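These are my notes on a structure that I am reading for the first time.

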Amino acid sequence: MRREAHCAVLSGVNACQSGSESNYVHKRNHTRYRCHFESTSAVLALHLLHRIQPKRMISFAAGIPRSLFHIRVQTRAFNAHHDTFSLRLASRNYLRTRKFLLMFYDTGSVLVIFGMFIAVVLLVSTMVSLLSSMFVRLTAPDTSTSLLKRAVEVTTHATTYSSVTHAVNPIIPGLTVPLKHLPLILLSLCISQIVHESGHAITAAIHRIPMLAAGASITFMFPAAFVTLPSARVEELSSLDRLRVITSGCFHNLTLWLILLGAAWSGIGQRILSVGYEDVFAQGIIVARVEADSPLSMHLPVGSLLTTLDDLPLNSSRDAWSNYLLEPTSTAYTQGWCVDTSRLSDDHRCCVDTASSSSCFVSFESAMEEYCTDPVAILSKIQNRCDSSTPCRESQSCVKPRGDRNILRITVNHEGTSTEDERIVLWSGPRYEVWEQVQTTHFAPRFGIIPLGLPLIFADFFQYVP
């Protein structure tokens, strides 16, 4: 965040701008100047301020090349409340409250200074990691092959999904996070800015520093908030008191993050959701959203219950869906299928050529015995399962897909009542694409008027706060 100081002549329509980082009140020839800090999330250009009315000021980018559209609104409506709060803290009745707040923000000053050094270390670590990754990519030999867009159920290229994480991950809508999260990011940014500026206002009240104005601004689409304090009064404070005022904003953001972390750890969020939602984890997970252009949109309708992936029960863990689709684990088949030996071909070309319409199967007892056959006719069946304790008939063999085949077996229960309503959806291709195209939830609305995807929206929102 960048802080810029702007000076506006209150006695006329002229305006001046200052690159100084300090606030001041200067009186000369009966003309009063006021400067203030503005906290913003984007790099802002200097903009000309026009006085509109005593309690509100709006500025537009004008006369500066390449400047972004900028709107500022400020008000003095909160000044009286701030002065009242400051007077109460100075009275004897609120002496203990004032001592507690001083200790609270002293602790915050230490944590913020310590966190600043940690942040620098994390940024340097991330920079080194990115540079090393870039160097490896530039020096690595080009072994890429042409990729074919999958228009049928068989893919000719298997890809292992790897989630690259760093100490600090940038939030870039459309690149590092989904573009649809942009409104949530902007809303969380507004809340974080308000929480941040409230810290400066409270510590100013503790030290009997009046608040001259408070307001907000928007540059292009990025929101910002600010409070204006007389820097002459701030400079009169001792070093410790001034440190409290400076670090209180960041400490408020840290406190908000700790509160949200504690709420998530205690499970209070699930208790609140239980008022309008029912946890269906014991049965499986519910499809909350499917991308419109995904082939799965015709087979996994919103609201349907998913019970297993291959032979992995989705009620075995709350992270079973993500872990199985994203991690490079082997296919989970606890049982095989009884198939007539006449339908099993000894021609092993499908086990080498992934473009074949047949798929490679192996014997459930021995992986060395390989066969080629149609996967749809076998894997779409719920019955005729076999294992070492449930043998097949003499004319049948117990087989299962070879572990490296990109075939995912999804068990769907549209009614969510009994196993008789279950059916099988087969996906041919990398498993991580299913995770990208399908959003799931463990919460089903108790009432029809409640949106199914609301818990997912809240989960996405709180990951960007503070």
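**Entry 1: confidence.** I am working with a predicted model. I looked up the confidence and found that the protein chain averages a pLDDT of 77, with 77% of the residues scoring at least 70. Over residues 1-66 the pLDDT is below 50, and I noted 156 contacts in the model for this stretch beyond near neighbours in sequence. Residues 143-163 also have a pLDDT below 50; beyond near neighbours in sequence, that stretch has 30 contacts in the model.

I then asked which strands pair with strand 8. Strand 7 (residues 70-75) pairs with strand 8 in the antiparallel sense, over six bridges. Within this pairing, I found A216 of strand 8 to be the bridge partner of V73. Strand 9 (residues 222-228) is also antiparallel to strand 8, and I noted seven bridges between the two. Here V227 in strand 9 stands opposite A214.

Strand 8 and strand 9 form a hairpin with two residues between the strands.

**Entry 2: strand 12.** I repeated the search for strand 12, residues 305-309. How many of its five residues are buried? The count is five of the five, so I record strand 12, too, as largely enclosed by the rest of the structure.

I listed its pairings in turn. With strand 11 (residues 285-290), strand 12 pairs in the antiparallel sense over two bridges. L306 in strand 12 stands opposite I285. With strand 19 (residues 407-413), the pairing is antiparallel over four bridges. I identified I410 in strand 19 as the bridge partner of L309. With strand 13 (residues 312-313), strand 12 is again paired in the antiparallel sense, over two bridges. P313 in strand 13 is the bridge partner of T308.

Which residue in the turn between strand 12 and strand 13 has a positive phi? I found D310, with a value of about 55°, in a hairpin that has two residues between its strands.

Technical notes. Residues numbered from 1 in each chain as written. Predicted model: local features only at pLDDT ≥ 70, side-chain atom pairs only at ≥ 80, totals over all residues. Heavy atoms only, no water. Pairing = 2+ DSSP bridges. Buried < 20%, exposed > 50% of the residue type's maximum accessible area, 1.4 Å probe, protein only. pLDDT = per-residue confidence, 0-100. Contact = heavy atoms within 4.5 Å.
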